[in-house]
Amino acid sequence: MSTRDLLNMALRNLLKRKLRTFLTVLGVVIGTASIVVMVSIGIGMNESFARQLEDWGSLQVIDVYSPNGGGGHYMMEEEGSSGPQNKGKQVKLDGAAVDSFRQIAGVEAVSPIKSLYLMIGSGKLVADANFIGLDPATMEAMGYKIEDGRALSGEDVKAIVVGGGVEFYDPKLNWEMRMNSEPPEIELIGEKIDVTFDWGYGTRHADKSVKPFKFEVVGTMPADGNNGWSVIMPLKEVEKIEKAQKEWEKKSHGSSGGNNQKRSKEYEQVMVKVDDIKNVQVVQQQIKDMGYRASSLTDQLEAMKETTKMLRMVLGAIGAISLVVAAIGITNTMVMAIYERTREIGIMKVIGASLRDIKLLFLTEAAFIGFAGGIVGVGVSFVTSKLVNFVAMQHGSDMTSSIPLWLYLGSIAFATVIGVLSGYLPAKRAMKLSALTAIKTE
Amino acid sequence: MGRNVIRIKNVKKIYQMGKEKIQAVNGISLNIRQGEVCCLLGKSGSGKSTLLNLIAGLEKPSSGQIIFNKKHIERMNEDQLADFRQRYVGFVFQSYNLLPTLTAMENVTLPLIFKNVPLKERNERAMEMLTAVGLGDRAHHKPHEMSGGQQQRVSIARAFINSPQVVFADEPTGNLDTRTTYEMMDLITALASKNKQTLVIVTHDLELSDYADRIVMLSDGEVERIEDKRQAEGEKE
């Protein structure tokens with residue numbers, strides 16, 4: 001029996017009993033749709049975690065810290081695995097380390113980070129903020145969000161990007177008056193502003209010997225992001241200011257910067273941007289194996305996914321139960337069909353249908369039910385998914401539904417397979433019918 | 001007459017009905033020759049239908065051998081039997097046994113569908129066959145739109161479409177009136193003799209035996225008497 005004849009005959013048999021076929025297909029539709037929607041909510045959950053974390057920075061960025069920062073404990077752990085040649089040798093987070101990070105496969109950009117707490121002055125207003133110094137060419141790659149203007153680029157020297165959460169105030173007012181007055185609105189982009197380590201800047205306590213550094217604001221960052229209260233500046237400038245600050249401190253307080261001087265070539269932190277989120281954990285592990293401490297937002301993402309794994313499995317199981325019920329429905333329909341069509345099966349056998357033909361005919365009918373149910377079910381889940389997202393948006397809920405293409409195609413294939421499996425028992429039964437008894441049935 | 005196409009050797013069929021054993025076929029030996037019209041004649045319960053089912057491979061004998069073209073039918077499994085029926089055998093039943101949802105044409109093409117004959121060819125052959133049985137204009141009617149005689153013609157067309165070596169007919173006219181009975185017998189024997197096909201007819205109707213070359217009279221599961229009409233005619237001449 002050719003495939004075409006088989007499909008044609010199966011389809012005709014199904015259409016002969018329209019209502020029953022419809023009801024059985026409906027069962028599969030509900031089963032498929034519930035699985036797809038449940039799984040899609042699970043996927044939506046993970047995506048919303050990723051989005052939440054994206055607010056805190058790029059998921060593709062790994063923060064690397066010097067092993068000294070966290071004390072010797074970490075190093076001792078690593079020593080065992082890094083072999084005898086590393087024994088007693090401290091890994092340094094220096095220029096050589098930055099270069100070695102660049103060599104790791106999948107790394108897109110690397111930038112050392114140095115941060116410094118400084119004052120900004122614009123006209124009569126001042127603000128204090130955490131200044132992050134990085135390689136200006138990498139700012140865009142590191143996932144800093146820009147609200148207005150632009151990010152720093154490789155050519156920028158005396159340029160900064162200011163976070164929207166940096167609040168300017170009049171230094172002449174006392175703290176209470178500042179709290180009660182509206183924060184002044186100022187347009188920063190294009191402004192030349194002062195940056196200084198002198199905390200008395202703008203007041204009568206200002207140290208006249210400290211000359212403020214001049215910078216141009218080229219962009220701003222959103223206030224609600226991770227860097228809303230920070231100012232981004234080229235690393236070299238931060239280092240220059242730090243050097244000036246130390247000299248000034250030495251001069252005015254006589255404190256020795258000697259200890260710091262020794263470690264001046266070392267960075268507190270290095271940011272490593274990975275080309276794909278999938279490679280983050282691999283690169284991170286390699287960096288850890290080199291003896292550094294490293295963390296990334298994907299750690300958190302993995303942890304969040306892990307904690308909701310159970311919930312997602314329960315959701316999937318609820319969907320699966322409906323599909324199992326649908327599968328039983330298919331089996332029932334096919335068994336009924338055999339009772340009704342006993343005589344027909346007998347006739348077909350007598351006039352030359354092979355056992356395989358009979359089996360395939362019933363399996364095809366069952367597969368058709370599964371396939372049709374899968375197609376319609378996927379359509380229903382598409383609509384349901386949109387509806388869930390709409391309702392979630394109305395209520396400001398974070399529960400969203402997301403259906404990737406593989407889920408659509410996979411569900412149709414899965415429903416069809418379920419159909420075939422459900423049809424197996426009835427098909428076997430049809431096959432075993434004795435031709436003689438079958439044609440004698442009235 | 002030609003060689004033996006079917007050789008039946010000491011075939012027995014015993015049914016177990018509760019504690020009682022019923023000997024439906026009790027040691028029958030018989031040869032059926034290529035191209036003859038053989039009539040198995042007997043009363044109800046004589047074992048004639050059971051014998052037909054055994055020869056056609058619809059039932060397995062309790063003992064004995066049934067050899068069709070040197071192949072042992074009693075040893076075949078279900079798949080081999082299906083293949084055997086598809087290649088060598090056509091059936092005509094008392095109750096026509098057409099599929100009610102298919103048209104006359106589709107019913108006739110059904111054996112060809114299982115044989116994987118392409119659509120165009122099988123439709124051409126079915127149309128030829130339907131024309132041969134006088135139903136060329138009824139090709140697209142469903143069984144319930146036709147008279148009993150017409151339905152039986154469709155089933156005859158179906159039995160012959162595959163040019164089988166042997167056609168088995170089990171009380172083919174049992175549901176038909178006298179006039180239609182003769183039409184049907186004329187048709188079926190004409191078709192069979194045209195291609196020298198063997199025809200095995202099971203009936204209780206003595207009049208049908210007029211069409212036979214050989215009449216095998218059965219009684220209580222045994223062969224009572226064999227009447228070879230050709231031989232008899234030959235002797236007369």
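A residue counts as buried under 20% relative accessible area, as exposed over 50%, and as partly exposed in between. These classes are applied below to a predicted model. E183(B), at 30% relative accessibility, therefore counts as partly exposed. Its salt-bridge partner is R153(B), and the closest N and O atoms of the two are 2.7 Å apart. E183(B) sits in helix α6 (residues 178-194) of chain B and R153(B) in helix α5 (residues 148-160) of chain B, so the bridge ties together parts that are 30 residues apart in sequence. R153(B) has a relative accessible area of 18% and is therefore buried.

Salt bridges also link residues into a network. Bridges with shared partners join K16(A), R341(A), E344(A) and E365(A). Over all chains, the search of the whole structure returns 26 salt bridges.

Two further pairs lie in chain A. K214(A) forms a salt bridge with D194(A), with 2.8 Å between the closest N and O atoms. This pair links distant parts of the chain. K214(A) belongs to strand β7 (residues 213-221) of chain A, D194(A) to strand β6 (residues 192-196) of chain A, and the two are 20 residues apart. K214(A) is exposed, because its relative accessible area is 52%. D194(A) has 11% relative accessibility, so D194(A) counts as buried. In the other pair, R150(A) bridges to D156(A), and the closest N and O atoms are 2.8 Å apart. R150(A) is partly exposed at 36% relative accessibility. D156(A), with a relative accessible area of 13%, is buried. Side chains of opposite charge can pair when their charged atoms come close.

Chain A is divided into two parts by the domain assignment. Domain 1 covers 3-54 + 303-440, and domain 2 covers 92-275. Between the C-alpha centres of domain 1 of chain A and domain 2 of chain A the distance is 59 Å.

T32(A) is placed in helix α2 (residues 18-54) of chain A. With a relative accessibility of 3%, T32(A) counts as buried. What does T32(A) contact, leaving aside its neighbours within four places in sequence? The partners are L323(A), G373(A), G374(A), G377(A), V378(A), S411(A) and A415(A).

The interface between chain A and chain B was examined next. The size of an interface is often given as the accessible area lost when the parts come together. Here about 2200 Å² is buried between chain A and chain B, and carbon and sulfur atoms give 60% of that area. On the side of chain A, V350(A), I351(A) and L436(A) lose the most area to chain B. Together these residues account for 26% of what that side buries. Chain A brings 23 residues to the contact, and chain B brings 25 residues.

Polar and charged pairs also cross this interface. Two salt bridges are found between chain A and chain B. R122(B) forms a salt bridge with D5(A), and the closest N and O atoms are 2.7 Å apart. Six residue pairs are in polar contact across the interface. Which elements of chain A each supply at least two residues of the side that touches chain B? They are α1 (3-16), α10 (342-350), α11 (355-394) and α13 (435-440). α10(A) gives the most, with six residues. By class, the residues of this side of chain A divide into 11 nonpolar, three polar and nine charged.

Eight of its nine residues are buried, so α10(A) is largely enclosed by the rest of the structure. The buried residues are T342(A), E344(A), I345(A), G346(A), I347(A), M348(A), K349(A) and V350(A). E344(A) is also part of the salt-bridge network with K16(A), R341(A) and E365(A). V350(A) is also among the residues of chain A that lose the most area to chain B. G352(A) follows α10(A) and has a positive phi, near 115°.

A helix of chain B is also largely enclosed by the rest of the structure. In helix α1 (residues 48-55) of chain B, seven of the eight residues are buried, so the rest of the structure largely encloses the helix. The buried residues of α1(B) are K48(B), T50(B), L51(B), L52(B), N53(B), L54(B) and I55(B). α1(B) is followed by G57(B), and the phi of G57(B) is positive, near 80°.

Terms used
Residues numbered from 1 in each chain as written. Chains lettered and ligands numbered in written order. Predicted model: local features only at pLDDT ≥ 70, side-chain atom pairs only at ≥ 80, totals over all residues. Heavy atoms only, no water. Buried < 20%, exposed > 50% of the residue type's maximum accessible area, 1.4 Å probe, protein only. Helix = DSSP H or I, 4+ residues; strand = E, 2+ residues; numbered from the N terminus. Domains from an automatic or database assignment. Contact = heavy atoms within 4.5 Å. Buried area = accessible area lost by both parts, 1.4 Å probe. Salt bridge = Lys/Arg side-chain N within 4 Å of Asp/Glu carboxyl O. Polar contact = N/O pair within 3.5 Å; in protein donor to acceptor, adjacent residues only side chain to side chain. Nonpolar A, V, L, I, M, F, W, Y, C, P; charged D, E, K, R; others polar.
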